[in-house]
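Please look through the structure shown here one part at a time, and keep the sequence beside it as you read.

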Amino acid sequence: MRTSALVIGFAAAMGLSACGGGPLNNIKAGQVGPDEFAILPTRALSMPPDLAVLPAPTPGGANITDPNPRGDAVAALGGNPARLADQGIGAADQALVAHAGRAGTDPQIRQRLAQADADWRARNGRRPLERVFGTPVYQRAYAPMALDAAAEQQRWQRAGAITSTAPAPAAR
């Protein structure tokens, strides 16, 4: 009698625990409205000293009263908010970018990688019990591609590389 009650209790606990695993892996699950933290107040309106120096309006562009929290934070910390704007590739990085693109670039690389990732996940999908219990399979699916940090550190240390932030290899 006691054993059957224990088995029934264990089965009920397992059944209930399988019901609550969804939102932990999907942060946006359960959201039905707008994000209240995404709403920023606008800056106060003020009259410029000279109306002739106002910038030309840009349709779809930023407004003078639009909030700029990142720029405000950079300015408060003593930085230059204008440096946040995309200014292209810096002069110091031109050689690196030229070397990286020496064999050409693929404009469809994001789409190709997304398709390859979808194919990989389809081949390494959930197993029957993983489907029943709704467990995530990300770690198992990508385990062959994972880097073993300790083994890689030892390989570099054996090759004579200096790994200053890593502890010394253990003596055998």
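The largest pocket has a volume of about 160 Å³, where a pocket is found on a 1 Å grid over the protein atoms alone, as an open set of points where a 1.4 Å probe fits, with protein on both sides within 12 Å along at least five of seven lines, and where the volume is the space filled by probe spheres set on the points, which are joined across faces, edges and corners. This is a predicted model, in which local features need pLDDT of at least 70 and side-chain atom pairs count only at pLDDT 80 or more, while totals for chains, interfaces and linings use all residues. Residues are numbered from 1 along each chain as its sequence is written, and side-chain values use heavy atoms, with hydrogens and water left out.

The lining of the largest pocket, meaning the residues with an atom within 4 Å of a point, consists of Ala44, Leu45, Ser46, Pro48, Leu54, Asn63, Ile64 and Thr65. Five of these lining residues are nonpolar, three are polar and none is charged; in this grouping Ala, Val, Leu, Ile, Met, Phe, Trp, Tyr, Cys and Pro count as nonpolar, Asp, Glu, Lys and Arg as charged, and the others, Gly among them, as polar.

Thr65, one of the lining residues, has its place in the loop between α2 (22-25) and α3. Is Thr65 buried or exposed? Thr65 counts as buried because its relative accessibility is 15%, and buried means under 20% relative accessible area, exposed over 50%, and partly exposed in between, with a 1.4 Å probe and protein chains only. Leaving aside residues up to four places away in sequence, Thr65 touches Thr42, Arg43, Ala44 and Leu45, a contact being heavy atoms within 4.5 Å. Thr42 stands 23 residues from Thr65 along the chain, yet their C-alpha atoms are separated by 5.7 Å.

The chain as a whole has eight helices and zero strands, where helices (H or I, at least four residues) and strands (E, at least two) are DSSP runs, numbered from the N terminus. Buried residues make up 4% of the 172 residues in the chain. Among contacts between residues at least 6 apart in sequence, 23% join residues at least 24 apart.

The loop between α3 and α4 holds Ala82, which is partly exposed because its relative accessible area is 45%. Ala82 and Gly71 are 11 residues apart in sequence, and 7.7 Å separates them in space, C-alpha to C-alpha. Asp86 is also found in the loop between α3 (69-76) and α4 (94-100), and because its relative accessible area is 75%, Asp86 is exposed. A polar atom of the Asp86 side chain lies 3.2 Å from the backbone nitrogen of Gly88.

Further along, Gln157 lies in helix α8 (residues 149-158), and it counts as buried because its relative accessibility is 15%. The side chains of Gln157 and Thr163 make a polar contact at 2.8 Å, that is, a pair of N or O atoms within 3.5 Å, of which, within protein, one must be able to donate a hydrogen and the other to accept it, while residues adjacent in sequence count only if both atoms are side-chain atoms.
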